Structures are given as structure tokens and as C-alpha cells.
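Please look at the sequence and the model on the screen while I talk.

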Amino acid sequence: MNRPRKYAHILPTPARSGQSSSVSSAQPTPEDRVHGRSGPSIACLACRARKTKCDGGRPTCSNCTKRGKATCVYLDKHKSGSIAMELLGSLKTLPKHRALMLLNGLRAQGDLATVLSEFSDAEQAIEELDTSSSLFEAELMATSPNTYTILRPIDLSGPTESHVLHPTNTHPCFAHSSLSFHALVPRILIETDIDPSEAIQYCDDRLSDLRVDFWTDVFVPSDFIARAISLYINTDHPLLGLFDTDLFITSLVDMQTRFCSRFLFHSLMYLACQMYSAFDKNSMQYAEVFSQAAEELWENEADSCLAMAGAVLLSVSNLGRGKDHDAVLGYARYALEMGQRLGLLSVEPEGFPQPSFKTKEEERFNSYGAWGTFNWNVMISQFYRQPSLKGSGLRPMMPIPGDTDLPDPESNIFEDGDVIDRGVLGITFPALCKFWLITHGARWIHLPDPPPIPDPFFRMSVLEHKYRQLLAWVETLSPNLLRTEESPHHTIVFHIWLHTTILDILQPFIRTAPGERFQLETFSAPDRSPDAAYAASVNQLKRLIFEYRSRYSASTYSILWHSGLIYLANAMIKHTRDPEWRYYLYLCVYGYERLNRPYRISEIILQGLLAMTLKHTDISADEAQRLMAELKKRGLDQGDKPLEARVRATFMVDLDLALTDPHMASVENVAADFDYWALVQSVVQRDQMTE
């Protein structure tokens, strides 16, 4: 039998002076307690998320005061527990795709109260979506919110008389305005009210010391050159990224040929003068002079990264001016071949050592040239479907410029200490390099090399893989590359390119016969078809084009975003069941009207789109002819010669027809049928009136 244990007696706490023993033993003073954790019992939500010590200050703790926040948010334990129970209940009862949306928000934000508040707003926005929205679109918004943002409905009933849907002889104002969902009118100033010298500021103060006579024999003021170059660098350069801006300007101002050349200078001025003509129509005469000089210099240009960049700029410029087929594709192909000879591009870059350079500056400059050349060629083959573009299997041997140089999104310093302008180089171009590299693998969906076209089921598997790869990659992007009201123009253009690429790879698999329809196997929505994915990206593209036309002056002098107009117009022409199809078609039509002065290619594209509209919709011949006459009256008409003799455009405009007959689907061939379809529509409508 075990004996009971003996425990020591616990004595009462000794009484303090002036205090009875019963009181001291029953109610110990704070000094008698064992001290635990010090500090406030409740930390604000911001400090909790950052896992930093909070002093509990009200209304703002010291940490949030330093970060510039006006107030802090505190939750007591009881309230936090109820929020956790609300979160758990939502996860149990929500449909799978909505639960995924909630979990994604929790992982990104970390704070329960904030996540539930934002999710409640998102749920309300989804409920407000057009009833025609599919379950698959809701799943995409839940699982890929960076690509498929939640789109709140906008009222399009009132703004039909706005400048966005009417032609104008006005010029863009550089002021950046915030988007109003109920006002489509962009920030525009009348021609007589704008002074280019005030609207276009130098992108670099060093341009004040520019001496033009060292680089060109063309008699032109240095101030004009500096502003034209600044316009290009601030607008198109973050998207093309053909050279390092700081190194280029250093050589340009110091009259050195290390990172600048006469050929590159004239090629750049050819494009810059076209852009500048949106402000001053007289600058177009300089564009032609610089074009001729650049082509003459090209004849004797040796292989170099400077020559590659200049050749790509000639390709871009010739596209906007409506030059012939070889002038656009030829220079793009020459740049690729030159990069291969220099060892900057290769068919199998992983198997060969990277080229070596004497300095970090030379390596960085050549990286921009290699990737800029690669990106432009992928864009041509993807958006313009040019079978004659050779060498498209080449890829850069160089590391992506800026990819490892900017480890901190808030930093603007390269690892070697060189300061860059985030507005010019930033993180947009490195992301675009990765974007075009991903899409490069899907080009053979339209351009098999070698033919024949692979089996449809195999193509569908590759399509879904590329689609998933794009969506997953976009979810990893820096917040600076996501769409917000403060996004710079090149971020919006990037998202336009993203959705036009998605539409492009989906194009062969939409509107197929019932027995040939596919499903996207890795998604869960019952309507997970290529048609539903296509419709979801069309909805995103609608909003992107709307935002870009309404908020960004660059929509009037940069040609790089116009592929979004072609893809959206095609979707509207082929889907007239959409009650807003006519509105968004006109949004595209007058988008080209805004580009009419800098880029005469606009006229023939408009004529092609209107020919397609006459062929596939109920638009009257009188309305189509009135639109063309109106646009020509506003400055599109270039003379009395036949249109096809003056402007060449061999890229695709009828994207459905391009799947079976790329030649007849080109802009110039579709535009040539405008009069024919106008006559057909007139006869049809006359017969309908007599019945």
C-alpha cells in the first residue's frame, strides 16, 4: 500500500506595514505579481502585418506615424475571434472559385478584417457584373486576379457625344487625368492652345547641352531634337527598350560614338518626328528627311548593337508610315541576323557561353539591344503573322537587362551603382522580355515551322499550357506592374498586349463546330471553353482600351498599342449580340482617327475595319461612307493617288480569315473591298425597304 505524499505547507504572504494579513493574501499588489510580456496588449493591424513592435498609440502608433498613416486600426481579441469565425464560415459555404478568391486575398494581405472587407466589395462587384458573364470568367477573376481584374459596370448611355466617339482636330495634353467611369472625355486641348515647348519637357537635363550638328547634316534646331527624343524616351522606350537610356544620352551629349551613332540617331529621329507631329504637323517633313538619311547610312553600317537598335526603329517607323512589306519586315530580320553574327542571339542559347564584354556598361547596352530586337520580332510574328519572317527561332544569349539589377521594387539603383530613371527603364521592360519569351513558344500555333500544322488536340494541349503559364507568371508580377488608376501608360499597354496575345492563341479554337469544341481541362468551371476564355479577355480589353483612350495622351502619338484596337474591333464585328458592340467598335475607329496625323497607316486600317463591318454587320453603307469621308476630311486623305499605291499594310486585320488565308486577310486586301461591300450593303438594304 502506497503511503500518501507529504507536501510542504504554503504559508501566507507576510503582511506589509499598515495592511492585514488577510488582505495581503487575498489581493496581492502589482509588485507581488510575476511580470509577463511588457507593452500594449493590442497591436495595430499594420504592425501585426509587418510583425513589428507596436506601442499602441491612439489614434496612430509611432510606427504608422513614421510611415505617414493618419490613423491605426485595432481589433480586440473578442472581435478578432468573431472575424475568424466569419472567415471560416465563408470558406465552408462559398463556391470553390469564390473561396479561392478569398484565400488568395488572405495570402496577399494577411489581415482578416481587411481581407473580409475587400472581399465583400469584390463579391458585390461580381454580383453587379453583366448577367452574360460566365462562371468561367468568375473563376478566372478568382484564381488570376492580376490578369482578370473585377470590372464594375460602367454607364455608356450618356457619353456618346463625347470627344472619344467623335473626330477632332485637337492635340493631346500631357496632363494625366484620373478616370471617371461616367465621363469619357479625355484631357484634350485645342491645337491653338498647345505649345509643344511647354507640353514636352526634356527627359534629361543634359539634353540642354546637345549639339545636333555633330550627328546630322539636317538643319534642325537642337531644342526640337531634344524634345522629340524626350517624347520617344518617355513614351515608347519603356516598351521597346532598345538601348540603355543613360549611356545613350551620355554619348549623345558628349559627342562620343561609344553608345550612339549617326545611323541610330537618324533612325530614332525618324520615329520621334512622327510622334512629334501630333503636336506640330511641320515636324513630319523632318521625318521624311531623317528616313532617307538613315537608309543611306544603313548601306555602310557595320554589325553592332547600335545598328541593331537603329534597324528595329526603322522597322517600327516604316510600319507607321505605311511603307512596303520589305521595309517593315526587312529591317526587323536584318537586326536579328546581325545579332546572331555578333553572338547576341542564338537558336539554342542555353548550350553556348554568353559573349564577354570589356565593361559592365557594354554588357548592359548589348543586353538591351538583344532583347529589344527579340521582343519586336516576336511581336511581329505573333500579332502580324508574317510567314516570311525568318530567324524567329533565335533567342537572346544575354541576361534580361534589369532583371537582377533591381532586386527591390522600391530601389532605383543598379547593383554596380548606376542610377536609372524608373519611369524610363524601371521594371516594365524586364517584365516584357519574360512576357515575349513565354509567348515565343506559342508562335507555331499560327506559323508552324516546319509545316504541317500539328494535330488539333496536341495544339490545344500546348495552348492550355501556354495560357496557364501566362496566368501563373502574371500573378508573380510586382505590384508596380498591376493595373491601378496611377499606372503609367506603358503598364496599360503591357496589359493590352497580354490580352491581345491571349486572344491570338485562342483564335483557332473559338466558334468551332459543336463536334469540334474543346474544354480547358485544368480549370473547374462547367463552361471552361476557349470561347469563354476569349470572351473574358475581350471584356478586359474593352476596359483597357476605354481607359487608355480616356486617360492617356500617349494614345494619340504612340502606335505601339494599336494592335489592341484591331483585336477589339474584330471581336465586336464578329459578336454583334453584344449590346455594346457598336460603341466599342466606334471607340476603336476613332482611336485610329486620333493617330491619323503621326501614322498614315491609320487610314487604310480604318478602311479595312469598315469593310469588315459592312460585310458582317447591319451597318448601312451610308454610315460607313460617311465615317470614311469624315475621317478623310479631318486630315487622313493624303492625295489623289489610289490608296494601295501610297500605303502598304501586309499585316492581318481580319483575324478569322487569317487562319485560312493570311494573304487575303491583310489590311490592304480587306480595305480594297470597301467599295464592293458598300455596294452590296446598299442593294440589300434597298431590297429590304421595298419588301
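What percentage of the residues in the chain is buried? Buried residues make up 54% of the 691 residues in the chain, where buried means under 20% relative accessible area, exposed means over 50%, and partly exposed is in between, with a 1.4 Å probe and protein chains only.

Before going further, please keep in mind that this is a predicted model, in which local features need pLDDT of at least 70 and side-chain atom pairs count only at pLDDT 80 or more, while totals for chains, interfaces and linings use all residues. Residues are numbered from 1 along each chain as its sequence is written, and side-chain values use heavy atoms, with hydrogens and water left out.

Let me begin with the overall picture. The secondary structure of the chain comes to 27 helices and four strands, and here helices (H or I, at least four residues) and strands (E, at least two) are DSSP runs, numbered from the N terminus. Taking contacts in the chain between residues at least 6 apart in sequence, 74% join residues at least 24 apart, and by contact I mean heavy atoms within 4.5 Å.

Now to the interior. In soluble globular proteins, nonpolar side chains tend to be buried together. If we leave aside neighbours within four places in sequence, Tyr232 is in contact with His237, Leu240, Leu242, Phe243, Leu268, Leu271, Ala272, Met275 and Leu313.

Next, I would like to look at pairs of helices. The axes of α12, residues 262-276, and α14, residues 305-321, come within 8 Å and cross at roughly 25°; axes are lines fitted to C-alpha atoms, for helices over the stretch in contact, and angles run from 0 to 180 degrees between N-to-C directions. That makes α12 roughly parallel to α14, because angles under 35 degrees count as roughly parallel, over 145 as roughly antiparallel, 65 to 115 as roughly perpendicular and the rest as oblique. The residues of the contact of α12 with α14 divide into 12 nonpolar, six polar and one charged, where Ala, Val, Leu, Ile, Met, Phe, Trp, Tyr, Cys and Pro count as nonpolar, Asp, Glu, Lys and Arg as charged, and the others, Gly among them, as polar.

Helix α14 also meets helix α13, residues 283-298, and there the axes come within 11 Å and cross at roughly 135°, which makes α13 oblique to α14. On the α13 side we find Met284, Glu288, Ala294 and Trp298, and these meet Ala307, Ala311, Leu314 and Arg321 in α14. The residues of this contact divide into six nonpolar, no polar and two charged.

Trp371 lies in helix α16, residues 360-383, and Trp371 is buried, with a relative accessible area of 4%. Not counting residues up to four places away in sequence, Trp371 touches Pro396, Met398, Pro399, Ile400, Pro401, Phe429, Cys433 and Leu437. Pro430 itself is in helix α17, residues 428-440, and is buried, with a relative accessible area of 9%.

For contrast in setting, Phe214 is in the loop between α8 (196-199) and α9 (222-235), and Phe214 is partly exposed, with a relative accessible area of 34%. With the same exclusion of residues up to four places away, Phe214 touches Met255, Gln256 and Arg262. Met255 is in the loop between α11 (245-254) and α12, is partly exposed at 30% relative accessible area, and has a phi near 55°, a positive value in a residue other than glycine.
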